[in-house]
Amino acid sequence: MSAVETVEVALADRSYAIRVGAGLIDRAGEELADLLAGRKAVVVADETVAGLHLPALVRGLTGVARSVDALTVPAGESAKSMDGLADLLDRMLALGIDRRTVVIALGGGVTGDLAGFAAAVALRGLDFVQIPTTLLAQVDSSVGGKTGVNTRHGKNLVGAFHQPRRVLIDTAVLDTLPRRELLAGYAEVVKYGAIGDLEFFQWLEANGRRLLDGDADARRHAIVVSCRAKAAVVAADERETAGGPRALLNFGHTFGHALEAMAGYDGSLLHGEGVAAGMVLAARLSARLGPCTGQDAERLAAHLSAVGLPTGLDQVDAGRHWTAEHLIGHMVKDKKALDGRIVFVLLERLGHAVVRGDVDRAAVSALLDRPRAA
Ligand SMILES: NC(=O)c1ccc[n+]([C@@H]2O[C@H](COP(=O)([O-])OP(=O)(O)OC[C@H]3O[C@@H](n4cnc5c(N)ncnc54)[C@H](O)[C@@H]3O)[C@@H](O)[C@H]2O)c1
Ligand SMILES: O=C(O)C(=O)C[C@@H](O)[C@H](O)[C@H](O)COP(=O)(O)O
Ligand SMILES: [Zn+2]
């Protein structure tokens, strides 16, 4: 067992530890003994993750928690829906949960967002633990307490802030993650460099491939740096207040969520892929508006493209020709929008992002408009 690092999320009496190390799922009983003693545990995992990593977790928790039940949900973004939530809550209630039950989300961001939201509303709020198994969930979604589901009106439009009591990041589980999913998570890693840490961005330019090719030290470093960055922002602005720093974590998401909504949450466009293309669109918009330079925007695009992530509309809409009007129609429903004004996270320069609510709609249309093939 390699060393375990701890990153603290400082939120007064709701503070919690993020534990990062290889093999933590096997040691989950020991890691969670203080939280689970005498309490029921309900593990929620998607069907794919359940087949790979649930037995080890259940083995570790048996004898530590008073009882351990497991519920599975379908794999993929479509599970993160109002219907998916209702079904999960129904099955949790059927297990006879009580207010001391601890919900454990084992899986990617979909499972964490869905099970976390179920924990937030079941019996008006249960403790929950995140055990993220995708790179995306390990560097982003398991930390910070945003939980929720998608609706036909858009991404994450129903949800709650509900912080986990602990986050256990077992870096070894990334060995079973498909390459496309690893890359999608890498987009959120790049995000931290782009919005606030040029040195980390430079490190990723030099070491990103190593990380993607399975180098354990590179993975661990990127996960710890990302978790530290996210923990600091969440501690400063837990609930994403207007003008507060948490909105910076939404870099690439105003465009990205619109792209995902257009794709229909059917697996044809992963969240991280939408974020990658969205970050490039946001960076290019930043360069059009200044003071960000075109070189900075293209440097970001070049790195994402070099590792194999999409950087343009043509790469994500797969011939479906989404128009500026379609995309803007989704962007006005973004949670950051106020009084019908779309709020963007833009780059002042690579490594420094800002929130802007004064962007001219015509500039956004001009960026998104593409000549239609004859
Ligand atoms: N709450 C937040 O702060 C936050 C942050 C970022 C993203 N998100 C949300 O997270 C979701 C995307 O999460 P995701 O990219 O983790 O997707 P995901 O949860 O759908 O997982 C991706 C796929 O990988 C499989 N998988 C997971 N772990 C595996 C493993 N170790 N080995 C093999 N297969 C594995 C899953 O079964 C699934 O098919 C989106 O809904 C996004 O909106 C939330
Ligand atoms: O934690 C945050 O805050 C983020 O914005 C992280 C994002 O990567 C994540 O996709 C989040 O779910 C988006 O939040 P939303 O409020 O725009 O739905
Ligand atoms: Zn995201």
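My elements are DSSP runs numbered from the N terminus, helices being H or I of at least four residues and strands E of at least two.

Ground rules. This is a predicted model, so I keep in mind that local features need pLDDT of at least 70 and side-chain atom pairs count only at pLDDT 80 or more, while totals for chains, interfaces and linings use all residues. I number residues from 1 along each chain as its sequence is written, and chains are lettered from A and ligands numbered from 1 in the order in which they are written.

**Entry: strand S3**

I started with strand S3 (residues 40–46), where six of the seven residues are buried, so the strand is largely enclosed by the rest of the structure. Which strand does S3 pair with? S3 and strand S4 (residues 67–73) pair in the parallel sense over seven bridges; pairing here needs at least two DSSP bridges between the strands. I found valine 42 opposite aspartate 69 in S4.

**Entry: the annotated binding site**

I checked UniProt next, using the numbering here; its feature names are shortened and its annotations may be inferred rather than shown by experiment. An unreviewed entry there gives "binding site" for Gly109, Val110, Thr111, Gly112, Asp113, Thr133, Thr134, Lys146 and Lys155.

I picked two of these. Threonine 111 sits in helix H4 (residues 109–121). Buried or exposed, I asked of threonine 111? Threonine 111 counts as buried because it has 31 C-beta neighbours inside 10 Å. For contacts I take C-beta atoms, placed from the backbone, within 7 Å. Leaving aside neighbours within four places in sequence, threonine 111 contacts Val44, Ala45, Asp46, Val49, Val73, Ala105 and Leu106.

Glycine 112 is in helix H4 too, and it is buried, with 30 other C-beta atoms within 10 Å. With neighbours within four places in sequence left aside, the contacts of glycine 112 include Gln130, Pro132, Ser141 and Ser142.

**Entry: two domains**

The domain assignment gives domain 1 (5–175) and domain 2 (179–368); such bounds come from an automatic or database assignment. Taken over C-alpha atoms, the domain centres are 25 Å apart. I see 29 residues of domain 1 in contact with 31 residues of domain 2. On the domain 1 side, strand S1 (5–9), S2, helix H5 (135–141) and strand S8 (154–161) each supply at least two residues. Which element gives the most to that side? It is H5, with five residues. By class, that side of domain 1 has 14 nonpolar, 10 polar and five charged residues; Ala, Val, Leu, Ile, Met, Phe, Trp, Tyr, Cys and Pro count as nonpolar, Asp, Glu, Lys and Arg as charged, and the others, Gly among them, as polar.

UniProt also has, in an unreviewed entry, "domain: 3-dehydroquinate synthase C-terminal" at residues 185–337. I get 69% helix and 0% strand for that span, and its end C-alpha atoms lie 25 Å apart.

**Entry: the ligands**

For shells I count a residue whose C-beta atom, placed from the backbone, lies within 6 Å of the molecule. Ligand 1 has 32 residues around it, and Thr48, Gly108, Gly109, Val110 and Ser141 come nearest. Helix H2 (47–61), H4, H5, helix H6 (179–196) and helix H10 (271–289) give two or more residues to this shell.

Where does ligand 2 lie relative to the domains? Domain 1 and domain 2 both give residues to its shell, so ligand 2 lies between them. Among the residues around ligand 2 are Asp140, Lys146, Lys155, Glu188, His253 and Lys335. The ligand 2 shell comes to one nonpolar, four polar and seven charged residues.

I noted a cis peptide bond from glycine 290 to proline 291, with omega near 0 degrees. Proline 291 is in the loop between H10 and helix H11 (294–307).

Alanine 318 has a positive phi of about 45 degrees although it is not a glycine. I find alanine 318 in the loop between helix H12 (313–317) and helix H13 (324–331), and it is exposed, with 12 other C-beta atoms within 10 Å.

Key
Buried ≥ 20, exposed ≤ 12 C-beta atoms within 10 Å, placed from the backbone. Contact = placed C-beta atoms within 7 Å.
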